[in-house]
Amino acid sequence: MSTPVKVKQQDNQFIHPWDDIVKIGDHKRTLLSRGEGVYVHDSEGNRLLDAPAGMWCVNIGHGREEMAQAIHDQIMDLTYVSPWSMTTSPAARFAAMLAAVSPGDLNNVFFTTGGSTAVDSALRFVQFYNNMRGKREKKHIIAQKRGYHGSTFLTGSVSGKERDKSNLDFVEGLVHHIDAPHPLLKPEGQSEAEFLDACVGNLENMIAEVGADKCAVFVAEPILASGGVIVPPEGYHQRCLEVCRKNDMLYLSDEVVTGFGRLGYCFASEDVFGIQPDLITTAKGLTSGYVPMGAFLVSDRLIQEIKDLGGDSAVFSNGFTYSGHPVAAAAGIKNLEIMQREELFEQARETGPYMQQQLQTLRDIPIVTDVRGMGLMACVECEVEEGSRDLVMDLALGSRIDKHCQKMGLIVRPLINMCVMSPPLTITYEQIDEMVAILRKGILLAMQDIENEKNSRGSADSRHPSPTA
Ligand SMILES: Cc1ncc(COP(=O)(O)O)c(C=O)c1O
């Protein structure tokens with residue numbers, strides 16, 4: 001019998017992503033111990049509906065026996081080989097499966113260890129491509145504000161979330177950010193068509209400013225995910241792709257979140273947004289988070305151009321010990337098999353609109369200022385008072401709601417003043433109803449907290465009138 005692992009409630013040694021180093025050990029994170037389907041269980045035995053699917057990743061749901069079996073079998077068959085000098089059947093087979101489901105001629109797959117390394121490697125491939133073409137100046141990257149692309153030096157620099165930029169260093173002068181195509185930024189009186197023109201104009205203006213001869217690539221998430229589930233105006237990606245083509249720039253579609261069913265298709269670029277980008281990055285749903293893996297896909301067109309230019313040799317000196325790890329590839333194969341066999345993309349195309357519709361019913365709650373999304377990804381945005389920008393209270397709003405929801409059996413992903421949901425594709429109509437009902441109660445309780453705090457603030461203020469009063 002195996003010895004049970006001793007788990008300390010205090011989590012003092014694990015530095016978590018985005019950890020506040022000053023407060024290491026102070027955080028009381030929920031300790032999860034088990035999961036099945038759309039539910040996880042905490043260490044006290046409470047069952048919680050996992051509305052973010054971990055981190056947009058457990059697309060087939062938790063605890064799948066056949067995934068465990070596939071991973072087990074691969075470990076017993078062959079644990080690891082060097083991807084430099086050898087290949088394995090799962091890695092080769094999984095690459096072929098991905099090529100078969102990818103848009104257009106994106107038939108070439110470079111495996112990585114996760115999303116950050118997928119985007120980082122894809123960007124290095126863009127640099128490599130332009131070096132091979134003798135265009136060594138053509139290296140600048142245009143990305144979107146509120147975009148997130150990872151945590152390597154380069155992908156952190158390409159990410160466009162201002163709040164993340166204060167304490168770290170970033171690549172200087174190489175990356176340029178344009179405004180997110182956020183419908184809430186549309187000025188009053190502007191038509192949809194004018195707004196679309198303005199969004200695309202931002203890309204054109206940036207290219208003009210930097211110089212088309214220097215711009216290599218536009219990086220965009222089909223829907224800005226952790227930036228707040230921002231759905232661009234219709235036609236945005238198609239128009240941006242045209243701008244890229246006109247300026248001899250590549251288009252990198254970062255589908256780390258939107259891939260593998262979140263929007264009802266294996267990839268959203270073509271099936272949802274009508275574009276065939278030059279490169280697609282993927283991770284998360286690629287293995288449904290059972291084991292880490294990422295990949296970028298690149299078109300035959302680019303590969304052929306490099307072959308034509310390369311002469312005898314064109315080495316892309318980039319890779320990882322775990323590129324094409326056979327165990328991760330076996331998990332990826334089984335994951336895609338499950339998705340196809342159970343028709344999970346089709347299911348998501350039915351349940352996604354229902355989830356969006358049900359979440360819209362929350363708009364009657366006074367602090368809910370926006371509900372948006374597409375497919376099985378959504379965001380409920382709240383403000384203490386619309387337009388008041390009470391930063392202290394707004395900042396904590398998402399966490400407050402999450403805390404209340406967790407007590408009632410639901411995890412939401414708090415993002416500043418937003419709650420983000422991206423459940424497993426297996427979620428049923430009833431489970432969506434359960435999610436929305438608990439979320440409603442959680443938001444109402446958070447609203448009550450705020451009222452109470454405002455009142456106690458108010459009575460404290462009246463006991464101590466300000467000197468100018
Ligand atoms: C769109 C997008 N790209 C890249 C990444 C980075 O992926 P990873 O955390 O697996 O490195 C993320 C992570 O959330 C993401 O949302």
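How many bridges join E11 to strand E12, and in which sense do the two strands run? In this predicted model, E11 and strand E12 (residues 377-382) are joined by six bridges and run antiparallel. One of the pairings sets Gly373 against Ala378, its bridge partner in E12. Strands of a sheet pair through backbone hydrogen bonds, either parallel or antiparallel.

The pair belongs to an open sheet of four strands, which follow the order E11-E12-E15-E14 with antiparallel pairing. At the edges of this sheet are E11 and strand E14 (413-415), each of which pairs on one side only. From one strand to the next, the twist averages 20°.

Another open sheet contains seven strands in the order E4-E10-E9-E8-E7-E5-E6, and its pairing is mixed. Strand E4 (108-112) and strand E6 (175-178) each have a single partner strand, so one side of each is left without a neighbour in the sheet. Within it, strand E5 (residues 140-144) pairs with E6 in the parallel sense over four bridges, and Gln144 stands opposite Ile178 in E6. Helix H6 (residues 192-210) packs on the sheet, where it touches E5, E6 and strand E7 (215-220). The direction of H6 makes about 150° with that of E6.

Which residues does Leu359 contact, leaving aside its neighbours within four places in sequence? They are Val371, Ala378, Val380, Met421, Val436 and Leu439.

In one of them, the side chains of Glu342 and Arg64 meet at 2.7 Å, N to O. Glu342 lies in the loop between helix H10 (326-341) and helix H11 (344-360), and Arg64 in the loop between helix H1 (53-56) and helix H2 (65-77), so the pair ties together parts that are 278 residues apart in sequence. Glu342 is partly exposed, with a relative accessible area of 31%, whereas Arg64 is buried, at 15%. Both residues belong to a network of salt bridges that also links Glu66, Arg93, Lys334, Glu337 and Arg341.

The side chains of Asp364 and Arg440 meet in a salt bridge of 3.0 Å, N to O. Asp364 lies in the loop between H11 and strand E11 (368-374) and Arg440 in helix H13, so this pair ties together parts that are 76 residues apart in sequence. Asp364 counts as exposed, with 56% relative accessibility, while Arg440 is partly exposed, with a relative accessible area of 26%.

Arg400 forms a salt bridge with Asp449, and their closest N and O atoms are 3.9 Å apart. Because Arg400 lies in helix H12 (residues 391-407) and Asp449 in helix H13, the pair ties together parts that are 49 residues apart in sequence. Arg400 is buried, with a relative accessible area of 17%, and Asp449 is partly exposed, at 23%.

The cysteines remain. How many disulfides does the structure hold? The number is zero. A disulfide is a covalent bond between the sulfur atoms of two cysteines. For Cys379, the closest cysteine sulfur is that of Cys419, 7.7 Å away and therefore too far for a bond. For Cys405, the closest cysteine sulfur is likewise in Cys419, at 6.6 Å, which is also too far for a bond. Cys379 is buried, with a relative accessible area of 0%, and Cys405 is buried with a relative accessible area of 0%.

Methods. Residues numbered from 1 in each chain as written. Predicted model: local features only at pLDDT ≥ 70, side-chain atom pairs only at ≥ 80, totals over all residues. Heavy atoms only, no water. Contact = heavy atoms within 4.5 Å. Salt bridge = Lys/Arg side-chain N within 4 Å of Asp/Glu carboxyl O. Buried < 20%, exposed > 50% of the residue type's maximum accessible area, 1.4 Å probe, protein only. Pairing = 2+ DSSP bridges. Axes fitted to C-alpha atoms, helices over the stretch in contact; angles between N-to-C directions. Disulfide = S-S within 2.5 Å.
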